[in-house]
Amino acid sequence: MQIIRLERVRSRPPRVRIHVEDGPPLVVSDEVIARFAVGVGDELGTARWEEIRRAQESGEARRIAINYLSYRPRSEREVVRHLVGKKIAEEVAEQTAARLRSLQMIDDDAFARMFVRDRLRRGGHGPGLLRQLLIQKGVARAIVDHVVPELASEENQRTAAVALARGRLRRSSGRKEDALRRRKRLYDLLLRRGFSNDIARAALQLLKV
């Protein structure tokens with residue numbers, strides 16, 4: 001197929017639409033144009049055209065992933081899911097995430113530590129819930145099984161459980177209920193949030209509920 005026209009596309013980042021004689025056009029970045037040194041009149045075989053298309057998709061996947069990571073750290077699986085959701089082929093998404101991992105732009109161990117510390121600091125998440133959420137985010141069980149016990153010490157769990165129960169007590173201060181019902185409601189809440197029976201009882205004892 002022969003390139004018959006290169007059309008500048010108004011977009012950010014800048015792109016060029018490659019029009020060919022026999023087939024639909026392809027929109028690519030300036031980087032891809034420079035890399036393959038294509039111009040009007042060039043003859044492209046099917047393999048070369050596919051190479052250009054894949055290079056564009058990989059570049060677009062990298063751009064999307066880096067932008068996604070700029071807001072906050074993500075797990076590797078979150079990045080892959082985000083790329084697939086943006087219509088990037090799963091194979092390309094996997095390769096992009098692996099490349100960013102090799103550049104230390106994705107680090108599931110560091111992500112899991114940040115996630116656990118943040119949830120413990122804010123309160124409301126026991127180790128059971130932390131494990132569940134990390135696994136849902138695609139973090140490997142080996143990492144989860146190492147990070148959660150290390151950071152969610154009994155002291156940290158008690159602090160988080162007390163903060164959660166105290167906050168719930170404050171928000172429901174106007175509710176009319178007897179002491180036994182209030183204690184059961186808070187106890188059940190702590191269990192649902194992944195705290196153990198012992199931690200839930202200790203937190204309520206500290207609050208004298």
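One aromatic pair is present in the structure, where rings of Phe, Tyr and Trp (its six-membered ring) pair if their centres lie within 6.5 Å. The ring centres of F111 and F115 are 6.1 Å apart, and their planes meet at 35°, so the pair is tilted. Planes under 30 degrees apart would count as stacked and over 60 as edge-to-face, with the rest tilted. The model is predicted: local features need pLDDT of at least 70 and side-chain atom pairs pLDDT 80 or more, while totals for chains, interfaces and linings use all residues. Residues are numbered from 1 along each chain as its sequence is written, and side-chain values use heavy atoms, without hydrogens and water.

F111 and F115 both belong to helix α5 (residues 108–122); they are four residues apart, so about one helical turn separates them. Helices are DSSP runs (H or I, at least four residues), numbered from the N terminus. F111 is buried at 2% relative accessibility. F115 is buried too, at 3%. Buried here means under 20% relative accessible area, with a 1.4 Å probe and protein chains only.

The charged end of R74 sits over the ring of Y68, 3.8 Å from its centre. The criterion is CZ of Arg, or NZ of Lys, within 6 Å of the ring centre and within 35 degrees of the ring normal.

L186 lies in helix α9 (residues 179–192). L186 is buried, with a relative accessible area of 1%. Beyond neighbours within four places in sequence, L186 contacts A165, R168, L169, L204 and V209; contact means heavy atoms within 4.5 Å. Q157 is placed in helix α8 (residues 154–171). Q157 is also buried, at 9% relative accessibility. With the neighbours within four places in sequence set aside, Q157 touches P127, A152, F195 and I199.

The largest pocket holds about 240 Å³ of space. A pocket is an open set of points on a 1 Å grid over the protein atoms alone, where a 1.4 Å probe fits, with protein on both sides within 12 Å along at least five of seven lines. The volume is the space filled by probe spheres set on the points, which are joined across faces, edges and corners. Its lining comprises 15 residues, each with an atom within 4 Å of a point. S29, E31, G59, E60 and R62 lie nearest the centre. Helices α1 (30–36) and α2 (46–71) each supply at least two lining residues. α2 gives the most, seven. By class, the lining has four nonpolar, four polar and seven charged residues. Asp, Glu, Lys and Arg count as charged; Ala, Val, Leu, Ile, Met, Phe, Trp, Tyr, Cys and Pro as nonpolar; the others, Gly among them, as polar.

Terms used:
Buried < 20%, exposed > 50% of the residue type's maximum accessible area, 1.4 Å probe, protein only.
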